[in-house]
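Have the sequence and the structure at hand, and follow along.

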Amino acid sequence: MTVTAVRKDAQALSMTLDAEFQASPERVWQLWADPRQLERWWGPPTYPATVTAHDLRPGGRVEYHMTGPEGDQPRGYWEVLEAEPPRRLVFRDGFSNADGTPNDELPTMQGTVTIEAAGVGLTRMSMTSVFASAEAMEQVLAMGAEEGMKQALAQIDAILAEDAVPLR
């Protein structure tokens with residue numbers, strides 16, 4: 001199922017992606033809570049992620065880089081503001097320099113993830129990014145953020161399918 005809707009709101013300076021998965025909210029939360037699972041989907045297939053630090057507690061930090069087809073390694077970080085397993089995660093999302101310091105030439109945004117049951121065996125996950133300005137939103141969208149997130153989220157179904165018990 002994966003991405004069911006994408007909403008961009010220029011007035012609210014936000015982009016929201018909704019996705020649905022055949023799994024419990026607790027299982028979907030594990031996609032965020034386990035760094036090895038996170039790196040399997042937090043990046044489009046052509047830019048797989050490597051998570052180098054992972055602390056999802058409020059005040060914690062997640063650091064990662066993605067490796068592109070040409071060997072480039074864009075880096076990013078999250079400063080965790082709220083974590084309410086398995087329902088909600090709020091973080092400041094930014095780009096990093098090679099040494100791990102924030103790249104102030106690129107915008108930061110606030111990410112909010114909500115995870116909720118949406119029927120028997122079905123979970124809805126919404127990811128909202130709120131930008132500081134229209135220019136920041138335009139810049140991140142011009143970098144391919146919408147398509148990249150759709151491709152990243154599309155990888156989750158395969159991860160969840162590994163949990164399925166084979167029929168005999």
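How many aromatic pairs does the structure hold? There are nine of them, where rings of Phe, Tyr and Trp (its six-membered ring) pair if their centres lie within 6.5 Å, with planes under 30 degrees apart counted as stacked, over 60 as edge-to-face and the rest as tilted. One of these is the tilted pair of Trp 32 and Trp 78, at 5.6 Å centre to centre and 45° between the planes. Trp 32 belongs to helix H1 (residues 25-33) and Trp 78 to strand E5 (residues 75-84), so this pair ties together parts that are 46 residues apart in sequence. Helices (H or I, at least four residues) and strands (E, at least two) are DSSP runs, numbered from the N terminus.

Before going further, please keep in mind that this is a predicted model, in which local features need pLDDT of at least 70 and side-chain atom pairs count only at pLDDT 80 or more, while totals for chains, interfaces and linings use all residues. Residues are numbered from 1 along each chain as its sequence is written, and side-chain values use heavy atoms, with hydrogens and water left out.

Back to the rings. Trp 32 and Trp 78 are both buried, meaning under 20% relative accessible area, whereas exposed means over 50% and partly exposed lies in between (1.4 Å probe, protein chains only). Trp 41 and Trp 42 form an edge-to-face pair, with 5.6 Å centre to centre and 85° between the planes, and both are buried as well. Trp 32, Trp 41, Trp 42, Tyr 64, Trp 78 and Phe 91 make up one aromatic cluster. Leaving aside neighbours within four places in sequence, Trp 42 has contacts that include Ala 49, Met 66, Met 127 and Met 149; contact means heavy atoms within 4.5 Å.

In soluble globular proteins, nonpolar side chains tend to be buried together. Here the largest nonpolar core has 37 residues, and those with the most contacts inside it are Trp 32, Trp 41, Trp 42, Trp 78 and Met 125. Such a core is a set of buried Ala, Val, Leu, Ile, Met, Phe, Trp, Tyr and Cys residues joined through side-chain atoms within 4.5 Å.

Now look at the strands. Eight of them form an open antiparallel sheet in the order E1-E2-E8-E7-E6-E5-E4-E3, where two strands pair if DSSP finds at least two bridges between them. E1 and strand E3 (49-54) stand at the edges with a single partner strand each, so one side of each is left without a neighbour in the sheet. On average, neighbouring strands are turned by 20° against each other, direction ignored. H1 packs on this sheet, touching E2, E3, E5, E6, E7 and E8, and its direction makes about 155° with that of E7. For these angles, axes are lines fitted to C-alpha atoms, for helices over the stretch in contact, and the values run from 0 to 180 degrees between N-to-C directions.

Within the sheet, E5 and E6 pair over nine antiparallel bridges and form a hairpin with three residues between them. In the loop between these two strands lies Pro 86, joined to Pro 85 by a cis peptide bond with omega of about -5°. E6 is also joined to E7, by six bridges, and Phe 91 of the aromatic cluster stands opposite Gly 111 in E7. The loop between E6 (88-96) and E7 (109-117) holds Asp 104, which counts as exposed at 74% relative accessibility.

Which residues of helix H3 (residues 134-142) are buried? They are Ala 136, Met 137 and Val 140. Helix H4 (145-153) is among the elements that the buried residues of H3 pack against. In H4 itself, Glu 146, Gly 148, Met 149, Ala 152 and Leu 153 are buried, and their arc of only 165° puts them on the same side of H4.

How values were computed. The arc is that of the directions from the helix axis to the C-beta atoms.
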